[in-house]
Amino acid sequence: MEKKKKQGIGFFEKYLTVWVILCMAVGIAIGLWAHFIPEFLGQFEYYNVSIPVAILIWLMIYPMMLKVDFSSIKNVGKSPKGLLITWVTNWLIKPFTMFGLAYLFFLVIYKAIIPADIAKDYLAGAILLGAAPCTAMVFVWSHLTKGNPAHTLVQVATNDLIILVVFAPIVGLLFMLGGISVEGVGVPWATLFLSVALFVVIPLTAGWLTRSIITKRKGLEFFEKKFIPKFNNITVIGLLLTLIIIFSFQGRTIVEQPINILLIAVPLIIQTFLIFFIAYFWAKKWRLPHNIASPAGMIGASNFFELAVAVAISVFGLKSPAALATIVGVLVEVPVMLALVRIANRTRHWFPESKKGAIADIAKAESKN
């Protein structure tokens with residue numbers, strides 16, 4: 001029976017790309033012909049955070065939080081290389097590569113296609129995405145690549161703290177370099193704090209309480225081998241349902257502006273792959289284990305799109321090209337990140353299985369020299 005179960009899960013994961021495409025198509029169809037559904041769900045939005053989407057993200061994150069051994073969090077600081085890769089990639093590389101790619105495509109390559117004023121608005125939206133690395137969905141990508149839960153949690157927590165300080169200055173600097181004149185870019189504190197509460201604090205607390213109660217009553221072995229596996233498919237199901245909702249919200253926009261969306265998507269997709277591989281190969285160069293290298297690459301590649309969309313709407317307006325660019329970022333995020341998840345899982349053999357393995361490999365190499 002266990003063998004059959006494993007085969008079933010393997011089949012489902014093997015054709016995940018098919019399910020993703022189907023869910024995108026279903027979402028677009030709902031947005032076009034059953035628009036009362038996204039209109040109803042759109043009422044449950046607070047400070048640009050969709051509560052239905054938040055609930056699904058919460059369900060996706062919860063299984064990851066169950067795996068966090070809080071006693072091991074203190075050990076993350078003993079091996080800071082993974083955190084250093086995350087911080088440098090997120091804040092000293094990602095915003096500027098996004099600016100460079102967006103400027104190249106929107107103002108140079110697309111010069112004969114897109115008017116200059118609209119191109120600058122697209123550039124502004126891309127800048128906002130580039131300056132807002134992921135805080136919530138990285139838990140999902142880490143979970144799908146068997147990332148270290150404690151390390152991922154510390155990555156997200158420190159990332160949230162850094163956003164508070166550097167988001168507005170970086171966006172302001174890049175707006176100035178791109179010739180984008182706005183009175184000032186502020187951080188939408190309500191959106192930021194609500195997102196952190198919904199996507200980090202609540203699932204983290206729920207995971208800790210569940211772990212504490214189940215372990216106390218049934219033991220650690222039951223919790224890890226019997227309880228946690230019950231949630232194996234929840235993350236993928238939540239992803240697919242999230243795709244349906246996101247694409248239903250933007251179904252009409254996709255159909256009405258397909259060319260513009262494709263044009264915007266090109267530099268955003270290139271940027272996503274570029275940032276992932278910068279962090280991923282850096283981790284490989286430093287011989288970090290895969291369960292640290294993978295989330296280090298994922299957190300920079302993914303975006304805190306709630307924050308980017310909120311700022312674009314507040315500064316440029318709901319119907320602005322800048323807001324559209326951030327929305328395209330939302331649309332391409334899940335399919336592209338799932339492709340990176342597959343790449344990460346297929347290249348697991350590039351990395352030592354553990355830090356002990358990494359140390360042993362280094363010692364072996366040194367002995368040969």
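## Ground rules

Because the model is predicted, local features need pLDDT of at least 70 and side-chain atom pairs count only at pLDDT 80 or more, while totals for chains, interfaces and linings use all residues. Numbering runs from 1 along each chain as its sequence is written, and side-chain values use heavy atoms, with hydrogens and water left out.

## The cores

Start inside. A nonpolar core here is a set of buried Ala, Val, Leu, Ile, Met, Phe, Trp, Tyr and Cys residues joined through side-chain atoms within 4.5 Å; buried means under 20% relative accessible area, exposed over 50%, and partly exposed in between (1.4 Å probe, protein chains only). The largest core has 108 residues, and Phe 106, Met 137, Trp 141, Phe 167, Leu 239 and Met 298 have the most contacts inside it. Helix 17 (residues 321-346) gives the most to this core, with 16 residues. Helices are DSSP runs (H or I, at least four residues), numbered from the N terminus. Apart from this core lies another, of 8 residues, including Tyr 62 and Phe 227.

Leaving aside residues up to four places away in sequence, Trp 141 touches Leu 239, Met 298, Ser 302, Glu 333, Val 334, Met 337, Leu 338 and Val 341. Contact means heavy atoms within 4.5 Å.

## Helix 15

Met 298 is also one of the buried residues of helix 15, a helix with 11 of its 12 residues buried. The geometry checks out: at 1.5 Å a residue, helix 15 (residues 290-301) should span 16 Å, and its end C-alpha atoms are 16 Å apart. The expected span is 1.5 Å times one less than the number of residues.

## Salt bridges

There are 2 salt bridges, each a side-chain nitrogen of Lys or Arg within 4 Å of a carboxyl oxygen of Asp or Glu. Glu 224 pairs with Arg 211, with the closest N and O atoms 3.8 Å apart. Glu 224 sits in helix 11 (residues 220-227) and Arg 211 in helix 10 (residues 189-218), so the pair ties together parts 13 residues apart in sequence. Glu 224 is partly exposed at 42%, whereas Arg 211 is buried at 12%.

The other bridge joins Lys 225 and Glu 221 (3.7 Å, N to O). Both lie in helix 11, 4 residues apart, about one turn of the helix. Lys 225 is exposed at 58%, and Glu 221 is exposed at 56%.

## A nonpolar surface patch

Phe 96, Leu 173, Met 176 and Leu 177 make a nonpolar surface patch of about 390 Å². Patch residues have over 30% relative accessible area and no salt bridge, with like charges joined within 9 Å and nonpolar side chains (Val, Leu, Ile, Met, Phe, Trp, Tyr) within 5 Å; areas come from the Shrake-Rupley method with a 1.4 Å probe, and for residues only the protein chains shown count as cover. Helix 9 (residues 149-177) gives the most to the patch, with 3 residues. Met 176 lies in helix 9 and counts as exposed at 59% relative accessibility.

Key. Helices (H or I, at least four residues) and strands (E, at least two) are DSSP runs, numbered from the N terminus.
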